Amino acid sequence: MARWTRPLLLTGAALLATPCVAAPTPTPTPTPTPASHRIDLDGYSFKLDGKRVYIWSGEFHPYRLPSPDLWRDILQKMKAAGFNATSIYFSWGYHSPAQDVYDFTGVRDMDRLLDIAAEEGVYVIARPGPYINAEVDSGGFPLWLTRQAVRNRSDDPAYLALADEWMAKIDAIIARHQYSDGRGSVIAYQVENEYYRGDQPGARAYMEHLKTQATAHGITVPLIGNHDANFVSGTGALKVDGWDYYPQGFDCSHPDVWKPVPDMAIKRVPDQPLITPEFQGGAFDPWGGPGYAKCATLINDRFASVFYKQNIAAGATLQNFYMVYGGTSWGWQAIPQNYTSYDYGAAITEGRQFDAKYAEDKRIGYFTHAVAPLTMTVGARSAGLDNEAIIDVARRNPETDTQFHYLRHADSTANATDSVHLDLSVAGHRYKRVPQAPDTAITLNGRQGKILLAGYALGPTTLVYSTSELMTHALIAGREVALIYGDAGQPGETVLRATTRPTVEVLDGTVAQDWSNGDLRLNYTHGGVTRVRISGAGFARPLLLLIADKDAAATFWRRDTAAGAVLVRGTHLLRVATLSGNTLDLSGDIGSDGAVEVFADTGTVRWNGATIHARPTPSGSIAATLPTARPIKLPALTWRMHDEAPEIEPGFDDSEWTTADRTVTTSITKPEALPVLFADDYGFHTGNIWYRGHFQAGGATGVTLKAISGGKAGAVSAWLNGQFLGSVQGETLEKTFTFPAGAVKAGADNVLSVLTVNMGHEEDYDDGSDNRTARGLTFAALSGGTGPITWLLQGVRGGEAMVDTVRGPMNNGGLFGERSGWSLPGFPDRGWQPASLPASATKAGVTWYRSTTRLALPKGQDSSIALDITDDATRPYRATIFVNGWQMGNYVNQLGPQHRFPIPTGILNPNGINTIAIAVWNTQAGGGLGRVSLVDLGSYKSSLRVAMVPSPGYKAGE
Ligand code: GAL
């Protein structure tokens, strides 16, 4: 259904039930009288319109994916995995290039993002800061805040005035999308971020101020925190203040070494639900780090199985995983410590593909939604166990008496395989040894947790217990369809209660049955999908039991439409399901396997708009084979090159440059000498910054330079009168460069040319105003000579009054090529020299490489493409990568580890001309550029449609 044919007003069940397919985005018609909704919370859970919900949420940062149609892709992928919510940081600095200047258009259109979330039926936890941390430059503070000597994150009135400026803008947007007002899907609003200073002077006043502002700006959803219960009462108290947990930390280099599970249960605040606004969903990786594949191993599907289920067993009813899609710190958004990719080892990779954790998140997520009693639980007595290596953390619902037994190794880090039997009492019956079948047991296969249900209403039937885990169940076409799972090859036992012996038909696989005392006991081995139909007078509703092994379970998708639940087995991704009348519209993605099976109460089934020819199956479902994706072919890239850096030449005209003449600074770095050289003081906040120092001192024998780039990937190169003096790289950038004999011209103008780079500003985690640590040159002094140096500097065109407002304040730095449009599509490079890669550089300096290439990828397919650079890691160079003018990566050949740069569709044109421009900074002779190629990260026949992000190309004279 196209977006404009649907009412904007999405309420209650409809909000979650009727997502729509990707489509062009006309302006929505405002709905005149939105119906309001209630959002309550108590000691158990959130309640929406009185109904308790388990909030299974994934963190997503729109500023890390500059292609609005892909926001829909990510939210659809989350929703498909059972994430009914997303937690979103809004980054102040992303929207504000200068004080009082704000942009919420294009890739910054947050109204559009929140519309998409509502359309896809995804609740939103809005996190607008003003400080967000998030491994983003300045922790989300705008870069112009480096020029404000205010006490960040405090009740300093000067800071509050600036923060209010942002809050007023972003709150107005969030307020337009609140579930409480019936206008969208925002259900909670987080005030500040990890602000643990509840007992410090001014801290409570600060929190109270932000709360008052939010309310004044129309925020009506609950104000929540991730401040580890620092703000549960008194001034600044929030409706609920939850917990952030990263139990494995961030060192991905030993991904098999686990730390123990935290016990969240002891963190419970009376009358507040137990929530984790952030729980570890991956880890960030530093420059020179082990790479994100290792982070994905550290925080893998087994981590999810043990840790996320432990949180459930502790009673948590809101879990948000940071990150579920990490994305790209494109442009200069990364913090100094981290490189461009923010893949995070998350469930959905930077290139929008599924990691193994996606399947585990889905298995658990589906369970949290299907089993309503989970939203109201208290601690309960553990079952008796016959193996001390395993423990049971138990809960029960006080109203339904449903039991939840979370089994894990007593030592949660244990990798052993251990088996156990339970002594379980359910509704007055005691089962002394579960499983009852001889020679079977419940096994934990290495690092694994299992939540077993007992005394649960599976529709109208009582599930006495199952040693398989329940993934989901629903009433579909007059019968209950339940999907349970276990490890392939392991035995399972499920006991159902019935008043008379039911009829058991095994439709597929092998199942043994036993009937005694009102219990129907089924025994089987998990493998593929075993199918059993159970019916009869003792069964109020027939039950189709789908018994899957873990992998097979993950091939099922469940969607809830306005006309009932739908279960689909197969396809790469089921994005949307709409059931109306007798027609079920499904849309999604297919890779190389076209097999699909649909359980739904329907006649006609359409896939991506076309009616499918399905055959009925003995399971009461329909099966069909859908068209598969076409293989894709990517062209080899051809290149032209041009040397740059005229700033090196003594005769270069720098008369328009900014003179470094300030004698005071807002930086927290103390200048060692005046004038102040720090780039931020002159409004240059991003990327490369050039300095030219003029001096006359004939006797000078060298120059001592100090600079700060931030982090391990720092660098400085210096030239005197066009002669290369050398480079320094790393964290500490200090060096005395000796002038070559005869290089200094006595009594004449001598020119030092110094290239620096700002690798991002520090976050302000400890509110020491660390974002105001200096960047650029910090000190310069001649040795031997006495004369002063007059410094001029140059950064991004326009400084804070940036020229490229579409790509925004983080896209560019001050390389000559950037300032002259060499990064942009349409720049006339025909006169450039043809080049082939790998190429070698004979001298230090800057060289640009450009490639213009036409892509003609199969239409109707969602292809994710990356750019790879491969080279020998000893060659000394750094590269900044632009695709169609968008800066999509910073690469440091000797440092790594990033060699792959996923390019979002919409930035990359899969059906048209693309311009790749790479600015290489050779810090020594012997640099150059390695092999550069396009690679396919995954291509699926898809309902997703992605429009190109409109952005300007080169225009002569501009
Ligand atoms: C949290 C913080 C997030 C992010 C995360 C680590 O402490 O709230 O913004 O920085 O750590 O990735």
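Before I look at strands, a rule: two strands pair if DSSP finds at least two bridges between them. Helices (H or I, at least four residues) and strands (E, at least two) are DSSP runs, numbered from the N terminus.

I also noted that this is a predicted model, where local features need pLDDT of at least 70, side-chain atom pairs count only at pLDDT 80 or more, and totals for chains, interfaces and linings use all residues. Residues are numbered from 1 along each chain as its sequence is written, and side-chain values use heavy atoms, with hydrogens and water left out.

**Entry: strand β21**

I started with β21 and its partners. β21 and strand β22 (residues 461-466) run antiparallel and are joined by four bridges. Across that pairing I found Tyr 456 opposite Leu 463 of β22. The hairpin of these two strands has two residues between them, and Gly 459 has a positive phi near 65° there.

β21 also pairs with strand β16 (residues 403-409), again antiparallel, over five bridges. On that side, His 405 faces Leu 452 of β21.

Is β21 enclosed or open? Eight of the nine residues of β21 (residues 450-458) are buried, so the strand is largely enclosed by the rest of the structure. Buried here means under 20% relative accessible area, with exposed over 50% and partly exposed in between (1.4 Å probe, protein chains only).

**Entry: the disulfide**

I reminded myself that a disulfide is a covalent bond between the sulfur atoms of two cysteines. The working rule is a pair of cysteine sulfur atoms within 2.5 Å, and by it I count one disulfide. Cys 252 and Cys 295 form it, with 2.1 Å from S to S. Cys 252 sits in the loop between β10 (244-245) and β11 (275-280) and Cys 295 in helix α7 (residues 292-298), so the bond ties together parts 43 residues apart in sequence. The torsion about the S-S bond is about 105°, so I wrote down "right-handed". Both Cys 252 and Cys 295 are buried.

**Entry: the ligand**

The side chain of Glu 194 has an N or O atom 2.3 Å from one, and a polar side-chain atom of Glu 135 lies 2.5 Å from one. For Ala 134, a backbone N or O atom is 2.8 Å from a ligand oxygen.

Definitions and conventions
A polar contact is a pair of N or O atoms within 3.5 Å; within protein, one must be able to donate a hydrogen and the other to accept it, and residues adjacent in sequence count only if both atoms are side-chain atoms.
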